[in-house]
Structure formats: C-alpha cells, structure tokens
Amino acid sequence: RPLRAWQAAALEKYLAEGPQDFLAVATPGAGKTTFALRVATELLSAGEVHKVTIVCPTEHLKYQWAEAAARVGIHIDPSYTNSQGALGSRFDGVALTYAQVAANPNLHRARTDRTRTLVILDEIHHGGDALSWGDAIREAFTPARRRLSLTGTPFRSDTSPIPFVRYTEETGGIKRSKADYSYGYSDALRDGVVRPVMFMTYSGEM
C-alpha cells in the first residue's frame, strides 16, 4: 500500500543518511510499524542487512509484528525462545520482548554478531522500565548493523539514558530524547490520521 506523507518523508531521510541509529517519534496510530517494515524491506533488498530482529514490550505485540511483516514478505518468528538457539532457515528474523532480551543478552549478541542485522526497537522508551533492560539492549545489540528505534511520544531520562538514543539537555539538567524524525499529534490531526481529543462538560464546577 502507498506510504503516508510522513512515512515517505521519514523513509527518504533515512535512506539518504544511512544512519546506524535512527529514532522515529510518531503519534499512536500514525503507522510506525508500516514505516519500520518499509525500512526493513529496503535494507534487505539492498543487501545492507540479512536478518531483522524486532524487540517490543509484550508477547502479544510479537505476533502482531510477525503478521504485519508477513504481509510485506518478511518472515519473522514470533515464537522464538531463548532456549532454541538457532533460528529456522525459513525465517528472516525474530520478534522478542525486552524481558526476553534481558534474560539472556549474550545469546542475542551472538546472534546479532553472526550476521548483518537490523534491530527494530519498538516503543523504545520501555528500554528504561528496568535498569537491566537498558543494559541488556546495549549488550545484545551493540554489534547490529542498523538500529531503528520507535516511540509514540518523546521521552525523558532522569537517570540512566536508554542505549542508542541521543538526548538534549533541558533546564534543570533533565535530558529529553532527540528524534531523527518526528510526527506529532498536531500533524496527525491535520492529516486526519487521529481524532481530536474532546473533554465534554455536563455539570459541576472545575
């Protein structure tokens, strides 16, 4: 299906710059999954990467990612387990949870090290949910050829910064994530991608 304007603009920027790390911030419902999988198909077809690893917060999302990937011809194993070791030859990559990576980061580092890999870090702000998760992401995916991070909202780091994300310092020394491409709520509202948020008043005082 044709890309939305923001997806096409973000893809053009990504392909022009060819960065190792890229953070795309797009409001929920804007189509981050579609954008990321288009990046994956471009990199796979160009031979820039040979495998794809998708990391997301929940088990349910692993299967959603695999279904979406299958629609564009990328075969992702959402039921891959840490005890499994080798990936089946029919698969182009795996879908993992952040907790799964944290349980054995060395295993995933070895997999990442073996072949040119694109790592898609979905809802990357969850990488800061536990200190061990951030450490595990760094350990497992430092050898990755490319890393594409996605989030629905800019996020702050008051303590440990999330790996592979650039930050800018704000007043008070608080650091906020710096997106490489941003598509906010106002953009999505203008394009008719999302609905306006309305607070209805019925009675009482505020």
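Reply: Gladly! One definition to begin with: two strands pair if DSSP finds at least two bridges between them. Please also keep in mind that this is a predicted model.

Me: Thanks! With that cut-off, how many bridges join β3 and strand β4, and in which sense do they pair?
Reply: Pairing needs at least two bridges. The strands run in the parallel sense, and the number of bridges is two.

Me: What is the strand order of the open sheet with seven strands?
Reply: In this sheet the pairing is parallel. The edges are held by β3 (76–77) and β10 (181–183), each with a single partner strand, so one side of each has no neighbour in the sheet. The order is β3-β4-β2-β5-β6-β1-β10.

Me: Which strands of that sheet does helix α1 touch, and what angle does its direction make with that of β10?
Reply: Helix α1 (residues 5–17) packs on the sheet. The strands it touches are β1 (21–26), β6 (146–151) and β10. With the direction of β10, the direction of α1 makes an angle of about 175 degrees.

Me: Across which strands does α2 lie, and at what angle to β6 does it run?
Reply: Helix α2 covers residues 32–46. The strands it lies across are β1, β2 (51–56), β5 (117–121) and β6. Relative to β6, α2 runs at about 170 degrees.

Me: How are α2 and α3 oriented to each other?
Reply: Two packed helices are described by the angle between their axes and the distance between the axes. For α2 and helix α3 (residues 59–71), the angle is about 55 degrees and the axes are 10 Å apart. Angles of 65 to 115 degrees count as roughly perpendicular and those under 35 as roughly parallel. The two helices are therefore oblique.

Me: What is the hand of that crossing, which residues make the contact, and how many of them are nonpolar?
Reply: α2 passes α3 in a right-handed crossing. The contact is made by T33, A36 and L37 of α2 together with W65, A68 and A69 of α3. By class, there is one polar residue, there are no charged ones, and the nonpolar count is five.

Me: Which residue of β10 is the bridge partner of V25?
Reply: β1 is mostly covered, with five of its six residues buried. On one side β1 runs parallel to β6, joined by five bridges, and L23 has S149 as its bridge partner there. β1 also pairs with β10 in the parallel sense over three bridges. In β10, the partner of V25 is S182.

Me: Is T151 buried or exposed?
Reply: T151 lies in strand β6. Leaving aside neighbours within four places in sequence, its contacts include L23, V25, K32 and H125. The cut-off for burial is under 20% relative accessible area. T151 has 0%, so T151 is buried.

Me: And how does S132 count by accessibility?
Reply: S132 is found in helix α6 (residues 131–141). Buried means under 20% and exposed means over 50%. The value for S132 is 43%, so this residue counts as partly exposed.

Me: Finally, what is the strand order of the open sheet with three strands?
Reply: Here the pairing is antiparallel. β7 (156–157) and β8 (167–169) are the edge strands, each pairing on one side only. Two bridges join β7 to β9 (residues 175–177), and R156 stands opposite R176 in β9. The order is β7-β9-β8.

How values were computed. Residues numbered from 1 in each chain as written. Predicted model: local features only at pLDDT ≥ 70, side-chain atom pairs only at ≥ 80, totals over all residues. Heavy atoms only, no water. Axes fitted to C-alpha atoms, helices over the stretch in contact; angles between N-to-C directions. Helix = DSSP H or I, 4+ residues; strand = E, 2+ residues; numbered from the N terminus. Parallel < 35°, antiparallel > 145°, perpendicular 65-115°, else oblique. Left-handed = near helix turned anticlockwise from the far one by under 90°. Contact = heavy atoms within 4.5 Å. Nonpolar A, V, L, I, M, F, W, Y, C, P; charged D, E, K, R; others polar. Buried < 20%, exposed > 50% of the residue type's maximum accessible area, 1.4 Å probe, protein only.
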